[in-house]
Amino acid sequence: MVDNRYATALVISCVLSLLATVYLSVAIGTQHWYQYTSPPVRGEANVSELRSLYEEFMDGEFDEKTYSDTLFRLNGTTGLWWRCVLVPSHTHWYKESDPRTCVSFTLPQQFTPKYKEPGNHNSGEDMLRTYLWRCQFLLPLISLGLVVLAGLIGFCACLCHSLTPTLGIGMLHLLAGLCTLATVCCYLAGMDLLHRVSVLPGKVDGSLGWSLYLALISSPLHMMAAALLVWAARSHSQNYYRMTAYRVA
């Protein structure tokens, strides 16, 4: 028999966990983690340069400097798995109906090393940026995996009418929240290091996007769900032992 307080805590924790998982899933699948605001296109020479950057962005080989320069110059947005550019609507060389064009990072590209000078393979690998980049896309997947595992354990516990695994489920949610928070930290640190080694064009502004904020919100939601689950498990365990001791006495 489960006390109403524990049942309420379990229901609230499930709702928080579901919201956090949805927010994190949306954040992973969207490209608005960081966005650039570029100056308007002026002059035919500028148009030709931007056209070359766009064609290299779409059809050229994967190169950090190339796609970064294109993002800087064409109002780019970037995420964990996507990079997008916004082509000015008045440019005659772009005829598609939707001016925003996105290209996904493939799995091999996610493991591509970063260099101390982007685009210069002879400058040596930048280990810090390389591992920050890899962590920022692996950690959210680990977080989702932990939540799925916690959900499966919780489902089995419901079938068995037992609160025994609740403490373990709470710890899994706590780890998921920490992984999500680490994802945001790795991403911000990686972007800061990229801007230090790259030369941003004049009048280009960068800002955090709503996808990153979704991931940031999901972290405390997971932690609050973990706190409720741990409280329910500990309180139920203490009451169970007290009732057992009382019956024995």
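Which residues make a nonpolar surface patch of about 420 Å²? I found Leu107, Phe111, Leu138, Leu141 and Ile142. I noted that this is a predicted model, where local features need pLDDT of at least 70, side-chain atom pairs count only at pLDDT 80 or more, and totals for chains, interfaces and linings use all residues. Residues are numbered from 1 along each chain as its sequence is written, and side-chain values use heavy atoms, with hydrogens and water left out.

**Patch.** Patch residues have over 30% relative accessible area and no salt bridge, and nonpolar side chains (Val, Leu, Ile, Met, Phe, Trp, Tyr) are joined within 5 Å. A salt bridge puts a side-chain nitrogen of Lys or Arg within 4 Å of a carboxyl oxygen of Asp or Glu. Areas come from the Shrake-Rupley method with a 1.4 Å probe. Helix 5 gives the largest share of the patch, three residues. Helices are DSSP runs (H or I, at least four residues), numbered from the N terminus.

**Leucine 107.** I placed this residue in helix 4 (residues 107–110). Leucine 107 is partly exposed, at 48% relative accessible area; partly exposed lies between buried (under 20%) and exposed (over 50%).

**Cavity.** I found one cavity of 30 Å³ or more. On a 1 Å grid, a cavity is a set of points where a 1.4 Å probe fits but cannot get out; lining residues have an atom within 4 Å of a point. The largest cavity holds about 190 Å³ of space. Its lining has 17 residues, and Glu64, Trp133, Gly190, Met191 and Leu194 are the closest to its centre. Helix 3 gives the most to this lining, five residues.

Notes
1 Å grid on protein atoms, 1.4 Å probe; cavity = no way out; pocket = protein on both sides within 12 Å on 5 of 7 lines; lining within 4 Å. Points joined across faces, edges and corners; volume = space filled by probe spheres on them. Helix = DSSP H or I, 4+ residues; strand = E, 2+ residues; numbered from the N terminus. Patch = residues over 30% accessible without salt bridge, like charges linked within 9 Å, V, L, I, M, F, W, Y side chains within 5 Å. Buried < 20%, exposed > 50% of the residue type's maximum accessible area, 1.4 Å probe, protein only.
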